[in-house]
Amino acid sequence: MGECMVELRTDEYSATSLHQSFAGDVYNSAVYLKRCFDDVFVGFVTVTGDDTFSHRMRKGFESESLDTSMVFTHPTRATGLYLIDTDDDGERSFTYWRSESAAKTIVSFLNVDVLNSLTSNDMFMFSGISIAIIPPDERVPFFNFIKALKNKGVKLVFDPNYRARLWTSLADAKANFEQALSLSDIALVGVEDMGELFGLASSDDVMELCQSHSVDEVVIKNGPSSVLTSLNGKYEEHVITPVSKVVDTTSAGDAFNGVYLGGRLQNLPISHCVSMAAKAAGTVIQHRGAIIPKGVVEATLEGVHKSTLASDLTT
Ligand code: AMP
């Protein structure tokens with residue numbers, strides 16, 4: 001569940017053209033999950049408008065084979081939009097138009113019928129951005145909704161994805177993240193995010209914070225340095241092979257999340273899921289944009305995925 005936005009970015013070949021696509025953290029994860037694990041049912045829960053961009057966005061979801069039965073339509077609001085500008089030194093800056101976006105009204109659509117439909121799924125993923133965009137007075141009903149999902153056996157998956165500009169205060173963000181972590185079965189957490197918010201410097205510190213909220217399965221992403229995992233108290237540190245030419249780190253963590261969860265939904269061991277996820281993220285950062293052309297990540301995983309499954313069958 002999250003917000004997908006219209007993404008505009010300056011064209012690398014023309015100063016006067018803009019390239020348009022669609023992106024958003026949980027949406028990006030859904031796309032990479034579905035692309036890499038075609039037999040997994042993946043739906044996106046969001047609200048779009050009834051405008052031209054919204055209609056195109058919905059077609060975009062369909063073209064990624066995502067289920068759209070939980071894509072609601074707001075009669076008057078439009079989708080959010082952001083611009084990625086790259087200056088002459090390659091430094092990127094972001095400008096957002098999302099304060100009145102349709103996705104912010106998601107809680108008004110989360111009724112009992114939606115709850116019952118969602119209980120047929122294994123997992124429900126949301127992020128710090130999904131919470132941040134919900135008006136503060138609607139967060140209690142949101143947390144009650146996901147609590148009810150959890151009580152019906154759906155695993156809750158949370159990535160804090162802290163974006164300071166979306167929160168009114170550090171205290172508000174911390175309180176919401178702590179509540180989300182306490183409810184989560186799986187936490188996929190970037191060290192950089194938590195460093196900024198909780199003043200934590202290392203993967204171990206972030207792991208300790210997640211453990212203090214009794215999260216069963218924790219994945220701590222620390223860029224090219226390493227990934228630290230724990231499943232029911234069993235810790236593992238995974239080595240990441242750094243990519244020599246990073247083009248654009250947008251959605252590295254999102255791609256990682258999608259592929260990791262896809263692997264876990266196939267009951268693959270944590271270390272295999274991390275190696276596939278890291279390979280996917282390492283591929284995405286060698287291309288521009290959040291969603292890279294179809295087929296690229298899938299091709300890099302082809303060998304890993306098959307050999308993973310083969311070794312599972314023989315061990
Ligand atoms: P981050 O959100 O920065 O921790 O990145 C998410 C994931 O992307 C990491 O866990 C790595 O698997 C991958 N990643 C990020 N930066 C690099 C890099 N420079 N080289 C290789 N993989 C990377």
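The shell around the ligand splits into 11 nonpolar residues, four polar and one charged. Nonpolar here covers Ala, Val, Leu, Ile, Met, Phe, Trp, Tyr, Cys and Pro; charged covers Asp, Glu, Lys and Arg; the others, Gly among them, are polar.

A word on the source. This is a predicted model, where local features need pLDDT of at least 70, side-chain atom pairs count only at pLDDT 80 or more, and totals for chains, interfaces and linings use all residues. Residues are numbered from 1 along each chain as its sequence is written, and side-chain values use heavy atoms, with hydrogens and water left out.

Who sits around the ligand? There are 16 residues, and the closest are Gly223, Pro242, Val243, Ala281 and Ile285. A residue is near if one of its heavy atoms lies within 4 Å.

Take Gly223. A polar backbone atom of Gly223 is 2.7 Å from a ligand oxygen. Now Val243. A polar backbone atom of Val243 is 2.9 Å from a ligand nitrogen. The ligand has 470 Å² of accessible area on its own, and the protein covers 84% of that. Areas come from the Shrake-Rupley method with a 1.4 Å probe.

Which elements contribute two or more residues to the shell? Strand E10 (217-222), helix H9 (252-265) and helix H10 (270-284). H9 gives the largest share, three residues. Helices (H or I, at least four residues) and strands (E, at least two) are DSSP runs, numbered from the N terminus.

On to the sheet. Six strands make an open sheet, ordered E7-E8-E9-E10-E11-E12, with mixed pairing. Pairing takes at least two DSSP bridges between two strands.

Notes
A polar contact is a pair of N or O atoms within 3.5 Å; within protein, one must be able to donate a hydrogen and the other to accept it, and residues adjacent in sequence count only if both atoms are side-chain atoms.
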